[in-house]
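Q: I have a model open beside its sequence, and I would like to learn how to read it feature by feature. Could you take me through it, giving the general idea before each case?

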Amino acid sequence: MGRVSQAQAQENRRRVVETASRLFREQGTHVSVADLMKAAGLTHGGFYKQFASKEALIGEATAHAFQGLTQSRDAGLEQHEGQREAARQELIDVYLSAEHRDNMAGGCPTAALAADMARGQGGGRRVYTEGVTDFADWLATEGPDGITRLCTMVGALVLARATKGSPLSDEILDAAREALTGAGGPESRAVDGLESGAAG
């Protein structure tokens, strides 16, 4: 019975972290513990048996989102048979798509959590900074160009989301995509990797 109970506790914790990862990206880290636990299908009182504080959960949920990004990048690299530049270009193309713009909950933690991290402190910010650094390094070909690419991608995505519903939103995505890949114009793009919390 003890082992079953422990296994259930681990499953509950996993469910809370996954739920928080999506809700924080979609609604912000101000989501209450009560609402979060309800969304996870668990009781409010169970939260403090699993996590020391909400800030601790923010750190874990942020790490979970960036782990999804890493998995997406690795899958893209495998799909392109280790050709990093081809994988990098495809990730940029998917990142700057209407599908990703419209999928905050399953999309990039770099863009979705930026405003919250700017206002917050503690473990969440540290984990976020590490994730952003790793993403910029992966985007780089030489020197600081990874940071330049990341700033262009994240800035464009944030602005496209803020102007969603207007022609400007698509124009922003197209302009950033053209600047980074030379590929302009809207087209259907797969966003499965971003759905898992994934791609930047």
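Q: What pLDDT does the chain average?
A: The pLDDT is the predictor's confidence in each residue, on a scale from 0 to 100. Here the chain averages 88, and 88% of the residues score at least 70. Over residues 185–193, however, the pLDDT is below 50, and this stretch has 19 contacts in the model beyond near neighbours in sequence, a contact being heavy atoms within 4.5 Å. Residues 195–200 also have a pLDDT below 50, with 37 contacts beyond near neighbours in sequence. Where pLDDT is low, the predicted coordinates should not be read in detail.

Q: How many helices and strands does the chain have?
A: Helices (DSSP runs of H or I, at least four residues) and strands (runs of E, at least two) are numbered from the N terminus. By that rule the chain has twelve helices and zero strands. Of the contacts with a separation of 6 or more, 69% are between residues 24 or more positions apart.

Q: How much of the chain counts as buried?
A: A residue is buried under 20% relative accessible area, exposed over 50%, and partly exposed in between, with a 1.4 Å probe and protein chains only. Of the 200 residues, 44% count as buried. The chain exposes about 10,100 Å², of which carbon and sulfur atoms supply 54%; such areas come from the Shrake-Rupley method with a 1.4 Å probe, and for residues only the protein chains shown count as cover.

Q: Where do the buried residues of α2 fall, seen down its axis?
A: Helix α2 spans residues 33–40, and its buried residues are Val 33, Leu 36, Met 37 and Ala 40. Seen down the axis of α2, these fall within an arc of 95 degrees, so they line one face of the helix; the arc is that of the directions from the helix axis to the C-beta atoms. In helix α1 (residues 2–27) sits Thr 19, which is buried at 16% relative accessibility. Leaving aside residues up to four places away in sequence, Thr 19 touches Leu 36, Ala 39 and Ala 40.

Q: How does the reach of α4 compare with what is expected for its 26 residues?
A: The expected span of a helix is 1.5 Å times one less than its number of residues. From its first C-alpha to its last, α4 reaches 37 Å, close to the 38 Å expected. The buried residues of α4 include Leu 57, Phe 66, Gly 68 and Arg 73.

Q: Which elements do the buried residues of α9 pack against?
A: Helix α9 (residues 123–139) should span 24 Å, and its end C-alpha atoms are 25 Å apart, which agrees. Among its buried residues are Tyr 128, Phe 135 and Trp 138. The buried residues of α9 pack against α4, α5, α7 (109–112), α8 (114–119) and α10 (145–162).

Note on methods:
Residues numbered from 1 in each chain as written. Predicted model: local features only at pLDDT ≥ 70, side-chain atom pairs only at ≥ 80, totals over all residues. Heavy atoms only, no water.
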